[in-house]
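Take a walk through a protein model with me.

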Amino acid sequence: MRVLKVLGIETSCDETAAAVVTSDSLVLSDVVKSQIAIHALYGGVVPEIASRDHARAIVPVVREALDRAGTRLADLDGIAVTCRPGLSGALLVGLQAAKGLAWSTGKPLIGVDHLVGHLLAVFLRRGAEAPAGPAYPFIGLLVSGGHTALYRVEGPALTDVRELGATRDDAAGEAFDKVAKLLGLGYPGGPVVDRRAALGDATRARDVVPTSMARRDSLEFSFSGIKTAVARHVANRPEPMSDDDINDLCAAFQGTVVDALVRKTMRAAELEGLTRVVVSGGVAANRGLRERMTSAGAKRGIQVFIPPFASCTDNAAMIAYVGALRLAAGERDGLDLAPSTRTALLRVTRKGGGARASREHDHPRK
Ligand code: KG4
Ligand code: ZN
């Protein structure tokens with residue numbers, strides 16, 4: 001079959017991104033303009049500011065992606081764009097840009113679910129020699145600032161992806177960001193907590209951080225209790241924390257989050273009878289998570305795939321790739337494609353569901 005070349009556009013949150021990728025997953029260009037410095041002033045993403053910055057950046061970013069790929073619009077087979085989930089105003093900027101390009105060139109428009117993009121980013125080949133990623137089916141753990149969930153991934157289509165369990169409250173990355181804010185470490189919190197954790201001793205702060213999620217066999221996550229415990233500890237201290245105390249607390253917090261992520265991912269693989277695990281999303285950059293997931297997998301004969309950092313965090317290459325696969329399957333969308341704040345994947349976990357909802361939704365296949 002002919003290899004297709006697709007432009008991808010991603011503006012769901014605080015990265016303006018564009019990339020050109022082929023249907024056999026070769027990344028020809030991958031441009032990401034982060035807004036982190038702007039939002040850092042506010043300690044988190046401000047939706048209105050995100051939309052405005054996307055509007056400023058989108059045309060130069062798309063142009064750079066085409067230039068770096070040595071591709072003209074006329075050479076493309078289609079235009080893929082993230083249409084869900086994300087901030088409405090932010091998604092709209094990417095969608096309108098993609099529609100304008102699709103309309104003016106007559107190329108097909110393909111909407112992509114951001115979460116499917118993350119789950120398939122492991123297949124991206126950054127260089128012709130790069131390996132092509134795992135065989136289907138696999139367990140996908142998606143851990144980012146907005147999402148934390150486990151999936152059974154049978155193939156690239158929406159209907160091939162089944163949620164096994166998700167967070168009932170905060171996403172893991174959100175917990176890292178909130179704890180970093182409480183400790184005065186700035187935004188985003190993940191990278192700095194990761195660095196500080198490597199310098200600390202978790203046992204010295206073990207009493208502060210409760211174990212995440214009481215029900216060990218559930219595939220759902222909960223991180224808000226850990227965050228609240230850290231907040232209470234910080235508020236109750238008479239004097240500011242020393243650097244060593246902060247390092248110890250980061251080590252204990254990160255250890256607890258990583259433990260929950262690894263334990264439940266391994267449990268999902270066991271329940272589903274699968275021997276391949278893929279970790280993706282920004283938190284997959286965490287050194288503690290990478291090490292513990294890899295060693296837990298090795299112990300159980302489970303292959304663990306963690307894409308390079310550029311494929312873990314938000315990018316448009318994963319969107320272009322999923323778009324190219326949809327296009328190759330004969331799918332496309334109309335110019336009336338609208339954004340949605342929700343994923344198109346079927347959800348089994350209710351946010352804020354509490355113990356009863358959790359029991360109802362444990363192991364949905366049984
Ligand atoms: O996937 P991503 O770039 O954006 C979305 O949320 O979709 O993920 C960003 C999240 C942030 O919460 C950030 O703090 C977290 O990933 N993160 C990390 C690390 N690097 C980034 N969390 C833990 N350890 C890291 N090294
Ligand atoms: Zn993301």
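The second largest pocket lies between domain 1 (5-126 + 311-328) and domain 2 (138-307 + 350-362), because both give residues to its lining. Domain bounds come from an automatic or database domain assignment. This is a predicted model, where local features need pLDDT of at least 70, side-chain atom pairs count only at pLDDT 80 or more, and totals for chains, interfaces and linings use all residues. Residues are numbered from 1 along each chain as its sequence is written, chains are lettered from A and ligands numbered from 1 in the order in which they are written, and side-chain values use heavy atoms, with hydrogens and water left out.

How much space lies in this second largest pocket? About 340 Å³. Its lining has 20 residues, and the closest to the pocket centre are Gly111, Asp113, Leu158, Arg326 and Glu331. A pocket here is an open set of points on a 1 Å grid over the protein atoms alone, where a 1.4 Å probe fits, with protein on both sides within 12 Å along at least five of seven lines; lining residues have an atom within 4 Å of a point. Grid points are joined across faces, edges and corners, and the volume is the space filled by probe spheres set on the points.

Strand E4 (78-84), strand E5 (109-113) and helix H11 (317-328) each supply at least two lining residues. Helices (H or I, at least four residues) and strands (E, at least two) are DSSP runs, numbered from the N terminus. By class, the lining has 13 nonpolar, 2 polar and 5 charged residues. Ala, Val, Leu, Ile, Met, Phe, Trp, Tyr, Cys and Pro count as nonpolar, Asp, Glu, Lys and Arg as charged, and the others, Gly among them, as polar.

Now turn to strand E6 (residues 138-143). Are its residues buried or exposed? In E6, 6 of 6 residues are buried (under 20% relative accessible area, with exposed over 50% and partly exposed in between; 1.4 Å probe, protein chains only). In a regular strand, side chains alternate between the two faces of the sheet. Here Phe138, Gly140 and Leu142 point one way, while Ile139, Leu141 and Val143 point the other way.

E6 has strand E7 (residues 148-153) as an antiparallel partner, joined by 6 bridges. Two strands pair if DSSP finds at least two bridges between them. Gly140 has Tyr151 as its bridge partner in E7.

Most residues other than glycine have a negative phi, and most peptide bonds are trans. Ser25 is not a glycine, yet has a positive phi of about 70°. Where does Ser25 sit? In the loop between strand E2 (15-22) and strand E3 (27-34). Ser25 is buried, with a relative accessible area of 5%. E2 and E3 pair in the antiparallel sense over 7 bridges, and Ala17 has Val32 as its partner in E3.

Two peptide bonds are cis. One joins Tyr136 and Pro137, with omega about -10°. Pro137 lies in the loop between helix H4 (114-120) and E6. Another joins Tyr187 and Pro188, with omega about -5°. Pro188 lies in the loop between helix H5 (172-182) and helix H6 (189-199).
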